[in-house]
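Here is a brief report on charged side-chain pairs. Take a look at the model before reading on.

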Amino acid sequence: LPGALIIVDSMKEENAIIRKYLGDRIHSFRVELSISRESVAKKLGISKRTLASYERGEREITMQRLIELAKLYNTTYTNLTNYENILDDMGHLAIG
C-alpha cells in the first residue's frame with residue numbers, strides 16, 4: 001500500500017513540524033520572561049532534560065502540559081500555541 005505509506009510519512013512530518021513549532025514557542029516565552037529552565041521544570045514537576053526536549057521539538061507535549069506552561073508564563077493556551085500559524089510555512093491550510 002504505497003499510498004498509505006505516503007500518508008503516514010506526511011503525518012509524521014507534520015507532527016515533527018508541530019513539535020518543533022511548539023518547542024520554539026515555549027522556549028521563546030521562557031527566555032523572554034527570563035525564567036530558567038530549571039525553575040520551569042521544577043514548577044512542572046519534570047526534569048530539565050524533559051523540558052529541553054519539549055523546547056527542541058524532540059518530544060511530544062500534551063495539551064495539559066501546554067496549559068500548565070501557559071499559566072506559568074501568564075498567557076493563554078491560544079497565545080502560547082498560536083495554532084493558527086503552525087502550518088503556514090508548509091503551505092498548508094492553517095489549523096483554526
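Is Arg65 buried or exposed? Arg65 is buried, with a relative accessible area of 18%. The cut-off for buried is under 20%. Keep in mind that this is a predicted model.

Arg65 has a salt-bridge partner, Glu68. Both residues lie in helix α4 (residues 63–72). They are three residues apart, about one turn of the helix. Glu68 is partly exposed, at 27% relative accessible area.

The whole structure holds five salt bridges. Three of them, with the distance between the closest N and O atoms, are tabulated here.

| Pair | Closest N and O atoms |
|---|---|
| Arg30 and Glu55 | 2.6 Å |
| Arg65 and Glu68 | 2.8 Å |
| Arg56 and Glu58 | 3.0 Å |

Now the pair between helices. Arg30 forms a salt bridge with Glu55. Arg30 lies in helix α1 (residues 2–32) and Glu55 in helix α3 (residues 48–55), so the pair ties together parts that are 25 residues apart in sequence. Both ends are buried: Arg30 has a relative accessible area of 8%, and Glu55 has one of 4%. Arg37 joins in as well, and a network of salt bridges links Arg30, Arg37 and Glu55.

The remaining pair in the table is Arg56 with Glu58. Arg56 is partly exposed, at 44% relative accessibility. Glu58 is exposed, with a relative accessible area of 52%. The cut-off for exposed is over 50%.

Note on methods: Residues are numbered from 1 along each chain as its sequence is written. This is a predicted model: local features need pLDDT of at least 70, side-chain atom pairs count only at pLDDT 80 or more; totals for chains, interfaces and linings use all residues. Side-chain values use heavy atoms; hydrogens and water are left out. A salt bridge is a side-chain nitrogen of Lys or Arg within 4 Å of a carboxyl oxygen of Asp or Glu. Helices (H or I, at least four residues) and strands (E, at least two) are DSSP runs, numbered from the N terminus. Buried means under 20% relative accessible area, exposed over 50%, partly exposed in between (1.4 Å probe, protein chains only).
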